[in-house]
Amino acid sequence: MAKGKFKHKPTGERTFSTPEEIAAGTSADRPRTFKKQAEKDVYDRRGEPEEEEESEDFAKPKHKGTEGLIEIENPNLVKPKNIKAKDIDIGKTTDISRREREELEKQKSHERYMKLQEQGKTEQARKDLDRLALIRQQRAEAAKKREEEKAAKEERKAEARK
């Protein structure tokens, strides 16, 4: 009988399955569940061959404890929703929550506002453009003044040289 990698007794040796044992299915490495399943498949309790009538449609859930004996209607019990892929409606849109809907509305309104801002149609954009025009005007005046001062300075230097 095959025990595999580890020795289970201090005096024992490791043994491995032979190809004949593997072919016959009598290997010790065979899981116990296969043996139980094989016995169950051959005969049921009455000694008659068992027929597999359980399909996905008629499968009854196994109950824990007295759950199957006493029927209790618990309104707080959340029943699992098993939806098969073939039952899913592709065209159905899911309803979004209030928070998600408000978030989407907020994003859309912000995008709309930014588009109007770029076009200069909002009150804030008008104020900004007026401020920018004023700054440009002040800068142009300052540059003009500097040029005049520079010209006056050069003129004074020219007079001093004469």
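1. Gln 117 is a residue of helix H3. The model is predicted, and what follows should be read as a description of that model.

2. The side chain of Gln 117 reaches the side chain of Thr 122 in a polar contact of 2.8 Å. Once neighbours within four places in sequence are set aside, the residues in contact with Gln 117 are Thr 122, Gln 124, Ala 125 and Asp 128.

3. Helix H3 covers 98–119, and helix H2 covers 32–42. Leu 69 sits in the loop that lies between these two helices.

4. Is Leu 69 buried or exposed? Leu 69 counts as exposed because its relative accessibility is 73%, and the term exposed applies over 50%.

5. Leu 69 also belongs to a nonpolar patch on the surface, together with Ile 70 and Ile 72. The accessible area of Leu 69, Ile 70 and Ile 72 together is about 380 Å².

6. The pattern along the sequence reads α-α-α-α.

7. How much of the chain is buried? Of the 162 residues, 5% are buried. The chain has an accessible surface of about 17,100 Å², and carbon and sulfur atoms hold 51% of that surface.

Technical notes
Residues numbered from 1 in each chain as written. Predicted model: local features only at pLDDT ≥ 70, side-chain atom pairs only at ≥ 80, totals over all residues. Heavy atoms only, no water. Patch = residues over 30% accessible without salt bridge, like charges linked within 9 Å, V, L, I, M, F, W, Y side chains within 5 Å. Areas by Shrake-Rupley, 256 points an atom, 1.4 Å probe, with all protein chains shown as cover. Salt bridge = Lys/Arg side-chain N within 4 Å of Asp/Glu carboxyl O. Helix = DSSP H or I, 4+ residues; strand = E, 2+ residues; numbered from the N terminus. Buried < 20%, exposed > 50% of the residue type's maximum accessible area, 1.4 Å probe, protein only. Polar contact = N/O pair within 3.5 Å; in protein donor to acceptor, adjacent residues only side chain to side chain. Contact = heavy atoms within 4.5 Å.
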